[in-house]
Amino acid sequence: MKLAAIASLLLSASALLPSHADAHDIVHDISREQAVVVTFSYGGAEPFSFESYELFRAGEDIPFQVGRTDALGRVAFPAPQPGSWRLKVFSESGHGADLDFDTTQATAPGSCEAPKLGNRLKALVGASLLFGIFGLLNLFVKKREVSP
Amino acid sequence: MHIPDGFIAPQMYVPAYGLAGAMWALAARRLRESFDEDSIPKLAVLSAFCFAAMMLMIPLPGGSSAHASGLAVPAIVFGPWTAFVAVSLVLAMQALLFGNGGITTLPVNALALGLAGATVAWASYRALRNVNENAALFAAGWLSVNCPALILAIALGLQPAIASTADGKPLFFPFGLSVTLPAIMIPHALVGIGEGVLTILIYRAIEKRGWTAS
């Protein structure tokens, strides 16, 4: 009787083995999905490639996704539903960005693209503004005294 | 070289705003006492040059990028306080209008580049100009890049120690000093060579126009 009980227990345990082994099996599924793609570059030219990033859902402290940008400086993620996100990218040398953005409008490729202003144009605009500021400042500084 | 928003903890940028505010007030007072209408166009040109130099990124080996700062020349010509104000204005415009650098990190960037960088450039030029003026200009240019780079590397490298979660996860910037110091200083040691040469060329050009006599 005792032997029969042990045997039935062993049999029951062996029946559980396959499902136990399943828990360690990583299954995969390959599919094509639409992704949100954020591209980073140094001044719009060199890609910010192979640098670390952390992606958070709005208001959450645990990242939704972490990793490194690809060779073209891109972070791609299939957003489960439209909403607000925070994306932080950083390099060891202190370069990076901390973005808050909304994917609600990103229903078509490129539709959520940030406005781009080339660095040369920025330099030109900035220099012009500086000349304007110093021009205004010129109205308020003291005149150099001219000796008679 | 500017640190963007989100990389520096409030424990650092709030005191930095206090310190930078005091330095800006002091600099503005000195500027008001010493400045006249002849200096304005020259400072405008040199500030615009700084702005343009900081906007143009130079790709570096290894995939990173750096830029010149051009701040040694205004520091030598007008002194460190005036250069500090000019560079702070440039950094504020970059942060507010173009998203380069950051608003929370503005005082850290301004103190490192504008105050420390300009002071070291001015002091090294003064110390070496009687030995060899070209060497003095080169040293001023090299140090004007590398002194701020060292300060910013330390500021970034301290972030994991300053602001982390209870389980040790850094909240603002994940790399410590052992990573930030070589990652920032090695490229800037190279960039400093270009900055040194640029400082000599720009200084000699404005010297011919008689700007350095004022």
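Trainee: Which helices each supply at least two residues of the nonpolar patch?

Mentor: α2 of chain A and α4 (80-98) of chain B do. Helices here are DSSP runs of H or I with at least four residues, strands are E runs of at least two, and both are numbered from the N terminus. This is a predicted model, where local features need pLDDT of at least 70, side-chain atom pairs count only at pLDDT 80 or more, and totals for chains, interfaces and linings use all residues. Residues are numbered from 1 along each chain as its sequence is written, and side-chain values use heavy atoms, with hydrogens and water left out.

Trainee: What makes up the patch?

Mentor: L121(A), L124(A), V125(A), L129(A), Y17(B), L96(B), L97(B) and I103(B), over about 710 Å². The largest share, four residues, is from α2(A). Patch residues have over 30% relative accessible area (Shrake-Rupley, 1.4 Å probe, only the protein chains shown counting as cover). They have no salt bridge, and nonpolar side chains (Val, Leu, Ile, Met, Phe, Trp, Tyr) are joined within 5 Å.

Trainee: Which side chains meet in a salt bridge?

Mentor: E54(A) and K169(B), at 3.7 Å, N to O. The count between the two chains is one; the rule wants a Lys or Arg side-chain nitrogen within 4 Å of an Asp or Glu carboxyl oxygen.

Trainee: New topic: where is P170(B)?

Mentor: In the loop between α7 (159-162) and α8 (177-208) of chain B. P170(B) is eleven residues from Q159(B) in sequence and 7.3 Å away in space, C-alpha to C-alpha. Beyond its neighbours within four places in sequence, P170(B) contacts P160(B), A163(B) and S164(B).

Conventions: Chains are lettered from A and ligands numbered from 1 in the order in which they are written. Patches are made of residues with over 30% relative accessible area and no salt bridge: like charges are joined within 9 Å, nonpolar side chains (Val, Leu, Ile, Met, Phe, Trp, Tyr) within 5 Å. Contact means heavy atoms within 4.5 Å.
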